[in-house]
Each structure stands twice: as C-alpha cells, then as structure tokens.
Amino acid sequence: MSLEILDPTHEGDSGSFALASRLSVLEGTTVGIISNGKKNTIPFFDSFEDELKTTYGVAEVVRTIKSNYSAPADAHLVEEAENWDAVVAGIGD
Amino acid sequence: MSLASKRYEVEDILAAQEFYHSRKWTDGLPVVPPTSDAVQACLDWAMLPAEHLIGIEPVRERVITAEKLAINAVMAGCLPMHFPLVVATVTAMLQEPFLVHGATASTGGCAVFVVINGPVRQEVGMSGSFNALGSSDRATTVIGRTVRLVLCNLLDVRPGEIDRSTLGHPGKLSYCIAEDEEDCPWQSLSENRGIPRDASAVTVMAAGAPRQLMNEWTTKPEEILDTFCAEIKANLRHYSIYPGNYAIVIPPQLRQHFKDAGWSRRDIQEYVFENARILRREWADVGKGNVVGGRGDQEYPALPDPEHLLVIAAGGPAGGFGAVIPPWLGHKSKAVTVAVGACLDCEPTAD
C-alpha cells in the first residue's frame, strides 16, 4: 500500500529579491566594503583595496565595519551604501 | 484537510526514508513519515490552524507556519502532545535577541540547547534525572531533534549551506533537557527568568558542547563552585573571552550541599559572577599571545551580570558530576525563555 507524505521544506516561499545590476567597468567607481570586522579581515581587505585601485582603477574604496559580525549590516551602513557604485559583503574569519 | 504542503506518494515506509534522505531533508537518521493524519493530529493537539504563523526568521525573512513545524516534528518522532513544546521552542528561537541566523550559520558550530520547565515535563514523561544530557527520555530527545530538522528544512541550515560550522558538536542532533524541579532546593530556571511557577516554559540558548567536571571531595558550596568556575575560565581561555550566558548543570549529590548550606540560586549566580573571570594576558599561556596586545591587565568576566548564569538542576542521583555549557559567542546571542502556549505577537483582546 502506498503512502502519501508531506514536504517538510519551506518550498521556496522566502521573500523575492533581485540582484543588483552589475558594473561594466570598475575604473573611476566608488566601491564600499562592509566588513564583518573580524581581526584577520583587516590585512585581507588592505590587499583587496590595493588590488581594486591599482589593477582595476577604482577611484575610491570606502571601508566600513558592522557593529555585530554575526548580524546583518547596520541600517546606517545600508543607507550609506546607496552612495556607492558597488558593495562587497566582506565576510572573513 | 486544510494542509497546503506539497504531497508525494511513495511505496512504503522504507521508500519514504530514501525519499527524504536523498533530498537532504533529514539529519541522517530514519524519520517518521509525515502523513496528513499525523501532522493534523499535532495541530489539533496544540489547537493551531495549519496556517498559524509561528514566527518569521528576522534576517532572511523566512516564514514558519504551524503546518511546516508539525511536519518536521512528526519526522523527528514527536507525538501530538510534544508539539506545543516544539512551538514554544521555535517561537523562542525566532525572537531577535536569540539571533538564530548568526548562531546557526557561524563557524563556531553551536547547537540550540533547550531546557523545559513546568508541569508539562511530567505530563509528557520527561526526566531530568539519569543521563540528563544524553537523551534521557523520548520527549526531550525528539523535541531536540525537531530543532535540527526545522533548521535544515525551513531555514536551509544544512552543513555547507547556511551551516558553516567548522566542527559542530553532537548536541546538534538533539540538545534538550528537562529540569529536575521535584528534587531542587531553588525556584525553577523559568521561574527565575520571570515565568510563573505553575506555567510550563521553554528556554533556548545558543550553546557549545557540555564540559563535564567532577568534585566529590568537598561539601562547601564555594569549593564546588570553584570547580565550575575553573571550567568556565578554561572556556574563556581556550575558546572565547567574550561574556555571555553560561549554563551550569548541578546534579542531586552536589545540590544537597547547597541546600544544607542554605544557598539560593541567586547566591550561586553571584559567586560565579565574581569568580569566573580571567585577565587577557592569560591567553598567552594557551598559545594566543599574539592577540593579547597592550591590554594584558584587562579583566574579562564570563558573565555580564549574575542573571546571565542559567543554573539548572538535572542529573542522576549518584555522582558529583556537573557540567558547564558555554555560550556560542559571548553576548551576541541571548538565552530566551517563552511560556508554553504563549503568543508573543498576538494583539490583546479589546474589553
């Protein structure tokens, strides 16, 4: 005899979201990094910032740090990000 | 039937196992097939409509309904009478101070430690005695297991997906205990956290694995607690220096000494608050000298205040064994206590 069973998952019912539009070039842009702030991210993002500027011609890199590295970015950082051309979610450990 | 979940037809119970395992919808152990009848029985017991909103995970805005919760509870082995406790547990986990996303996604690899208080413990056959931290009874085992399945199936907290744990620990399979209130000289944990004594309640804490200790060589409360404090200080040195909730589990043999000396739960909390602390320079003793910096004399208490210590009465009658259950990561996640049957977001009725 067959058995009818139910789906235990969320069935993809999470809120919809759209990816941000991609930049065609990085040259002359402002790129923000929202770092989780863990200690070892500092030298990593120092190198990353240097790479963005020297290799890709990024005009400005804005470095920010979340107040709680295990929680979403603070509202004021999300607001500030609207002034940037691109944002990097800076997860490091 | 008003259940909205997608239905699948499988040949038999064994086929159901492979069906769920192959989709990563289990924890690797066999599951009870969640039929409509079994799921509806859980909802009926708790008097909840299928579409009842248990809560919304605040970071990813994931909606959790009573129906989806009941499906996972059945799979974990819950009986209908266990379901109100599952509802309370997940309700507590979804409160913002618990930070369920951060706690369950972290490389730190914590588990959700669940403590049950109140009359419901005896109604559903829970035991806070023998083997308290090792699946002492059916009810605590399946309720703790439901947490894992809910995280997997409703929040995508699977290893390598949202769950980025480096190691994790065995409590992630099930980490639920009942407090031994009948043999306890103090008010219960939930009463201590503001719930009336005759109400049942659930407390959740994002927690590391239990660290067992033993002291059968004294009857003095201070000396017994010095052993607990030493274990907490070891955690501060070896794992994380940040203060937060710690739980200590005290068995009957040690509780008797506190009772004889007239020590209250508050006395225990204050003693541990005062004594479980280290200096930052102690990190140099355990290979972490590189992060001491110029702050070697800075003191780090394990607890931000005495109330952050969860004192739990549990364990078998013989043995001077206790346990320290450390926090996932200091104060980033707070322990949350919820009364069973409470609706935290409900509007008060108009008189």
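Predicted model: local features only at pLDDT ≥ 70, side-chain atom pairs only at ≥ 80, totals over all residues.
Two strands pair if DSSP finds at least two bridges between them; strands (E, at least two residues) and helices (H or I, at least four) are DSSP runs numbered from the N terminus. Residues are numbered from 1 along each chain as its sequence is written, and chains are lettered from A and ligands numbered from 1 in the order in which they are written.

Start with the pairing of two strands. Ala247(B) stands opposite Leu310(B) in E11(B). Five bridges join strand E8 (residues 246-250) of chain B to E11(B), and the two run parallel. Both belong to an open sheet of four strands in chain B, in the order E7-E12-E8-E11, with mixed pairing. Strand E7 (211-214) and E11 of chain B are the edge strands, each pairing on one side only.

How enclosed is E11(B)? Five of its five residues are buried, so E11(B) is largely enclosed by the rest of the structure. Here a residue is buried if 20 or more other C-beta atoms, placed from the backbone, lie within 10 Å of its own. Leu309(B), Val311(B) and Ala313(B) point one way from the strand, while Leu310(B) and Ile312(B) point the other way.

Helix H11 (residues 265-275) of chain B comes next. Among its buried residues are Ile268(B), Tyr271(B) and Phe273(B). The buried residues of H11(B) pack against several elements of chain B, including helix H9 (221-238), helix H10 (252-260) and strand E11 (309-313); contact means C-beta atoms, placed from the backbone, within 7 Å.

Now for the core. In soluble globular proteins, nonpolar side chains tend to be buried together. A nonpolar core is a set of buried Ala, Val, Leu, Ile, Met, Phe, Trp, Tyr and Cys residues joined through C-beta atoms within 7 Å. The largest has 110 residues, and Phe113(B), Val114(B) and Val204(B) have the most contacts inside it. Helix H7 (residues 138-155) of chain B gives the most to this core, with ten residues. Leaving aside residues up to four places away in sequence, Val114(B) touches Ile143(B), Val147(B) and Val204(B), among others.

Finally, step back to the whole chain. Chain B has eleven helices and 13 strands. Of its 351 residues, 50% count as buried. The C-alpha atoms of chain B fill a box of roughly 60 × 50 × 45 Å, taken along the principal axes.

Notes
Buried ≥ 20, exposed ≤ 12 C-beta atoms within 10 Å, placed from the backbone. Contact = placed C-beta atoms within 7 Å.
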